[in-house]
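User: Please take a close look at a single part of this structure and describe it in one connected account. The part of interest is the interface.

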Amino acid sequence: MARIPRIGIGGPVGSGKSMLIERFVPVLARDGYRVCIISNDVISKEDADRMRQNLATDRGLLPENMVIGLATGGCPHTAIREDPSMNMAVIEEIERDHPGLDLIIIESGGDNITTTFSPALADYFIYVVDVAGGDKYPRKRGLGIENCDLLVINKTDLAPLVDADLDVMKRDAAEVREGRPFLLTNCKTGEGIGEACGHIVRDVLFDAPPKGAGETA
Amino acid sequence: MDTDGLPEMAMMQLSDSAFPAGLFAASNGLEGMFMEKKITTAAELAEFGRACLVQQLGPGDCVILANVIDYSKSRNYAGIAEADAVCTAIRTVKESRDASRMSGVQLARCVGGFCDDEVLGWYLGQIEGGAVSGTYPVSLGICSNALGIEKDRAVIMLLYGFVAGTVGAALRLGIIQHMEGQRIIHDLKPVMGRVAQESAGRGIDEVWQFLPQVEIGQMRHEKLDSRMFIT
Ligand SMILES: Nc1nc2c(ncn2[C@@H]2O[C@H](COP(=O)(O)OP(=O)(O)O)[C@@H](O)[C@H]2O)c(=O)[nH]1
Ligand SMILES: [Mg+2]
């Protein structure tokens, strides 16, 4: 069974993890990549349902059964870090039944800033904070913010509304990240999304062409 | 100490709530009953635990587990495959079949990662090939045998894991607080002991379980829009 590359997307509740996935998938699908999404809902299927409706039902970018919701017993951190076995179980079944997939995106159920993805679960870890949480966030550090493979600072459009200084956030992020990548996004306009997808294609897929390249859809 | 303690430690390892088999994400039917307001107090929770032990786990999973340990010792592969099929068949609710399979497979893979055992190796191969589904009680039997855990101990471990896991779920659902949880575990110990004794010596063809109210709750649970637990 071939391992399908996996990205873990973590970050506080409401920082925009689901919205970013909804932005990433069309860009990746346009380039021919086939993606599956596992959403670790803390409590409801709402996020998975919204992504399925938008990406699968309305836009046909992926089959409906490629958006999977997973309950975490109220322990979203456990489900992606110390006991990722339920996610692994779902992934193993996907790898067996859908070997043609290029990428699996795992959304965590919402984290505190110390949370990280188990390296056994995700090959690449994107941590999402949002501007509305305050411009203090990057400098507060925490394992997620410091150690992730890509730090995303989302909702830049809200900066003026919450008195957040984006320059301060950029400066602090650069310091905390010590050369590792971070970027600013705005899911309302799509700003920064192309760059984020560039990281995914380069750093996760290693510029591999889509597995289905050449096939007719 | 007159033994090296290894089987006892293996028992603690497999029944530790931190063991990565995903059991933290299961409420074993409790969330469904809670949402239908059928279980809202510590007393009702204790009664739920007792009913599950007596009417589900004792005559069902415990018998399967004990037989799988015998089969593992005698390399009775056909017996193990049959036990796996029976274990799947007695789970009438899809979410509980799925959860048992997911946890069982992950348990087998995890133990297979640090313990070299012929039967476990065979079982993992069968899972890979889709010949068995990899249910939790069967997997626990094979792993227990591989780690030298005796049959009667393994049965206690299964029952205790169920009670501790269900109490943990009840805490997170806000049905009880932590002190009440430990009291319930303590109060159910004699029930677990009795159920374990009663299950001893039964064959696979004597397996049964009957707890329709909980199963109907689970059938509703698997369709809920909002829920915390896989089962
Ligand atoms: N203004 C603004 N709102 C956003 C942005 N990204 C996400 N949101 C909104 O933030 C809310 C939470 O987003 P969601 O993706 O569900 O967060 P999650 O909990 O991290 O998955 C939703 O109402 C989104 O519409 C953004 O860049 N700008
Ligand atoms: Mg979300």
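This is a predicted model: local features need pLDDT of at least 70, side-chain atom pairs count only at pLDDT 80 or more; totals for chains, interfaces and linings use all residues.

Analyst: A salt bridge is a side-chain nitrogen of Lys or Arg within 4 Å of a carboxyl oxygen of Asp or Glu. Between chain A and chain B there are three salt bridges. Residues are numbered from 1 along each chain as its sequence is written, chains are lettered from A and ligands numbered from 1 in the order in which they are written, and side-chain values use heavy atoms, without hydrogens and water.

The contact (heavy atoms within 4.5 Å) draws 23 residues from chain A and 23 residues from chain B. Together the two chains bury about 1800 Å² (accessible area, 1.4 Å probe, lost on being put together and summed over both), and carbon and sulfur atoms account for 57% of that area.

On the side of chain A that touches chain B, strand E3 (67-71), helix H3 (76-80) and helix H4 (85-97) each supply at least two residues; these are DSSP runs, helices (H or I) of at least four residues and strands (E) of at least two, numbered from the N terminus. H4(A) gives the largest share of this side, seven residues.
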